[in-house]
Amino acid sequence: MKVKEIEVNRFISKSEIDGIDFVINSYVGCPNACMYCYASYMQNFSGHQEEWGTFLDVKKTNYKLLKRSVEGKTYLMSSTTDCYNSYEKKYELTRNILKQLINFNVNLIIETKNELILRDLDLLKQIRNLKVIISLNTLDDKFRQDIEKESSINSRLKTIQELVKNGLEVIVNISPIFPYLTDYKKIIEKTKKYVSEYKFQFLELKSGSKRKALKYIGDKYPNYYLEYAKIYLLNDTEYFDKLKKEIEEYCNRLGLKYYF
Ligand code: SF4
């Protein structure tokens with residue numbers, strides 16, 4: 001991993017995501033190196049030629065949040081990196097930002113795959129309006145290792161339980177749903193005792209990640225390759241249209257809170 005410290009003016013930026021005022025991305029790049037990463041397009045703007053998941057810029061800044069710009073706003077941490085990636089253990093950028101956020105009345109959404117979030121329970125418990133979203137799209141750790149580098153399934157399940165035990169609200173993001181490979185019912189069965197809500201996102205593939213993912217499916221799951229080609233090369237929406245209805249019926253039957 002090529003790690004570089006860079007000086008920046010601030011750690012927040014205005015968001016174009018519905019319902020989110022600001023996003024906080026303290027790192028450029030992401031050691032999780034997910035095969036399907038939507039954020040890998042960042043590479044085009046960051047000047048990096050290296051492959052996604054092999055570089056990390058650590059954003060150093062003395063930026064201080066001001067009450068008038070912060071109060072009542074909704075923050076997402078993070079949208080183009082994992083704010084609890086393994087390098088956060090050393091750099092503590094996320095922890096230092098939390099130390100500022102606890103002084104204000106903010107809505108904070110933290111999205112991560114990593115157990116390191118548990119290090120910051122002392123601060124997280126002080127955020128008045130916090131939701132933690134943990135992403136999980138399989139219970140099969142071999143498949144997980146093929147598509148994501150950091151954070152085992154067991155560590156994510158443990159993280160969910162610990163967060164809830166500590167009184168925090170956890171949403172499980174069943175994402176991205178890989179056609180024929182993600183068993184959403186198994187994930188729900190395993191987690192529903194703890195989780196307040198589910199989010200579902202279907203696998204979207206763009207340029208580089210499309211090539212990688214289709215090659216992977218062709219090599220590892222050749223029996224599904226034609227189905228993937230229908231969805232991702234011919235833009236056939238039938239599979240996900242049907243799956244969406246099935247998920248809605250399933251969640252409604254179980255009385256689960258969910259959204260897409
Ligand atoms: S954790 Fe998120 S930002 Fe990081 S590589 Fe995976 S999808 Fe991309």
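Some conventions come first. Residues are numbered from 1 along each chain as its sequence is written. Because the model is predicted, local features need pLDDT of at least 70 and side-chain atom pairs count only at pLDDT 80 or more, while totals for chains, interfaces and linings use all residues.

Now the whole chain. The protein chain has 11 helices and 11 strands, where helices (H or I, at least four residues) and strands (E, at least two) are DSSP runs numbered from the N terminus. Along the principal axes, its C-alpha atoms fill a box of roughly 55 × 45 × 30 Å.

Of the 260 residues, 32% count as buried. Buried is 20 or more other C-beta atoms within 10 Å of the residue's own, exposed is 12 or fewer, and partly exposed is in between, with C-beta atoms placed from the backbone. Of the contacts between residues at least 6 apart in sequence, 77% join residues at least 24 apart; a contact is two C-beta atoms, placed from the backbone, within 7 Å.

Next, the core. The largest nonpolar core holds 48 residues, a core being a set of buried Ala, Val, Leu, Ile, Met, Phe, Trp, Tyr and Cys residues joined through C-beta atoms within 7 Å. I24, Y75, M77, L108, V172 and I174 have the most contacts inside it. Leaving out residues up to four places away in sequence, I24 touches F11, I12, Y75, M77, S78 and I97.

On to the strands, which pair if DSSP finds at least two bridges between them. β6 (74–77) and β7 (107–112) run parallel, joined by four bridges, and L76 stands opposite I109 in β7. β7 also pairs with β8 in the parallel sense, over six bridges; there, T112 has I134 in β8 as its bridge partner.

Last, helix α7, residues 153–165. Which of its residues are buried? They are R156, T159, I160 and L163. They cover an arc of only 100° around the axis, so they sit on the same side of α7; the arc is that of the directions from the helix axis to the C-beta atoms. These buried residues pack against β8 (129–135), β9 (169–177) and α8 (184–191). N154 and K165, on the other side, are exposed. After α7 comes G167, with a positive phi near 80°.
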